[in-house]
Amino acid sequence: MTPTRSPAATSSGPRKPTSAELAKAAGQGIRDVLAPRLRALFCGINPGLYSAATGHHFARPGNRFWPALHGAGFTPRVLHPSEQRQLLKGGYGITNLVNRASATAEELAPGEFVSGRRRLAAKVRRYRPASVVFLGLGAYRHAFGRPQAAIGRQPQTFEGAEIWVLPNPSGLNANYQLAALVELFRAVRRSTALKNRCGGDRSSR
């Protein structure tokens, strides 16, 4: 799926996409926030319509990704989704397992998760992040055929990268409130900081 830029993404300053723009975003892709040798690559399930319409990851109001990043110490303040590329300065990036926008992840076919894993593997081989952080337990289980996988650091690696699985930060995921998400994100940050001290600077500089 070729990422596209919508009117909402190209307007002067962030704004809420219209109903027509949201409808048009269905099936569209979104550009990765990616650079070589990142400390961690966050991997969402797939873009929502709001994210695809704006071109910004985790853009829908109420999504806890950006507040959780800040609360865990990844960013000095809560970034607006339009500031997503600032993450690269700290050595962090964003991609999606399936790059096809939909209203809900339930619209994705099982085969899309498997195909997404293969495409992600190619990215990881090329860009060599130290860790890949999957944001969605069910999607990870489907993509990797690991129905017993649990939240947290995984015993396996992925193309040489450490694997973490965290909950989907969508505001619709009532099983995990923001405080719980912050603690899980903080565990990832501590791990990446330790790997950075032991293995040298992996940031995009």
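**Reading the model step by step**

Reply: Start with the inventory. The protein has eight helices and five strands. The model is a predicted one.

Me: In what order do the elements of the protein run from the N terminus on?

Reply: The order is α-α-β-α-α-α-β-α-β-α-β-β-α.

Me: What pLDDT does the protein average?

Reply: First the general idea. Where pLDDT is low, the predicted coordinates should not be read in detail. Now this case. The average pLDDT is 90, and 88% of the residues score at least 70. Two stretches need care. Residues 1-12 have a pLDDT below 50, with 27 contacts in the model beyond near neighbours in sequence. Residues 200-205 also have a pLDDT below 50, and that stretch has 21 such contacts.

Me: What share of the 205 residues is buried?

Reply: Buried residues make up 50% of them. Contacts can be viewed by sequence separation too. Among contacts with a separation of 6 or more, 73% are between residues 24 or more positions apart.

Me: Next, helix packing. How is a pair of packed helices described?

Reply: Two things describe two packed helices: the angle between their axes and the distance between the axes. Take H6, residues 110-127, and H7, residues 137-144. Their angle is about 80°, and their axes are 8 Å apart. H6 and H7 are therefore roughly perpendicular to each other.

Me: Which residues make the contact of H6 and H7?

Reply: From H6 come Phe113, Val114 and Arg117. From H7 come Ala139, His142, Ala143 and Phe144. Sort them by class, and the contact has five nonpolar residues, one polar and one charged.

Me: Which residues of H7 are buried?

Reply: They are Ala139, Tyr140, Ala143 and Phe144. Look down the axis of H7: these buried residues fall within an arc of 110°, so they line one face of the helix.

Me: What covers the buried residues of H7?

Reply: The cover includes H6, strand S3 (131-135), strand S4 (152-158) and strand S5 (161-166). Then check what comes after the helix. Gly145 follows H7, and its phi is positive, near 65°.

Me: Where do Phe58 and Glu159 lie?

Reply: Phe58 is in the loop between helix H3 (49-54) and H4. Glu159 is in the loop between S4 and S5.

Me: Is Phe58 buried or exposed?

Reply: Phe58 has 13% relative accessibility, so Phe58 counts as buried. The cut-off for buried is under 20%. Glu159 has a relative accessible area of 32%, so Glu159 is partly exposed.

Me: Where is Ala149, and which residues does Ala149 touch?

Reply: Ala149 is in the loop between H7 and S4. With 8% relative accessibility, Ala149 counts as buried. Leave out residues up to four places away in sequence, and Ala149 touches Leu137, Tyr140, Arg141 and Gln154.

Me: Which residues does Gln154 contact?

Reply: Gln154 lies in strand S4. Its relative accessibility is 9%, so Gln154 counts as buried. Beyond its neighbours within four places in sequence, Gln154 contacts Tyr140, Ala149, Ile163 and Val165.

Me: How many residues along the chain separate Val165 from Gln154 and from Ala149?

Reply: Gln154 and Val165 are eleven residues apart, with their C-alpha atoms separated by 7.2 Å. Ala149 and Val165 are 16 residues apart, with a C-alpha separation of 8.5 Å. Tyr140 is among the buried residues of H7, and Tyr140 is touched by Ala149 and by Gln154.

Key. Residues are numbered from 1 along each chain as its sequence is written. This is a predicted model: local features need pLDDT of at least 70, side-chain atom pairs count only at pLDDT 80 or more; totals for chains, interfaces and linings use all residues. Side-chain values use heavy atoms; hydrogens and water are left out. Axes are lines fitted to C-alpha atoms, for helices over the stretch in contact, and angles run from 0 to 180 degrees between N-to-C directions. Helices (H or I, at least four residues) and strands (E, at least two) are DSSP runs, numbered from the N terminus. Angles under 35 degrees count as roughly parallel, over 145 as roughly antiparallel, 65 to 115 as roughly perpendicular and the rest as oblique. Contact means heavy atoms within 4.5 Å. Ala, Val, Leu, Ile, Met, Phe, Trp, Tyr, Cys and Pro count as nonpolar, Asp, Glu, Lys and Arg as charged, and the others, Gly among them, as polar. pLDDT is the predictor's confidence in each residue, from 0 to 100. Buried means under 20% relative accessible area, exposed over 50%, partly exposed in between (1.4 Å probe, protein chains only). The arc is that of the directions from the helix axis to the C-beta atoms.
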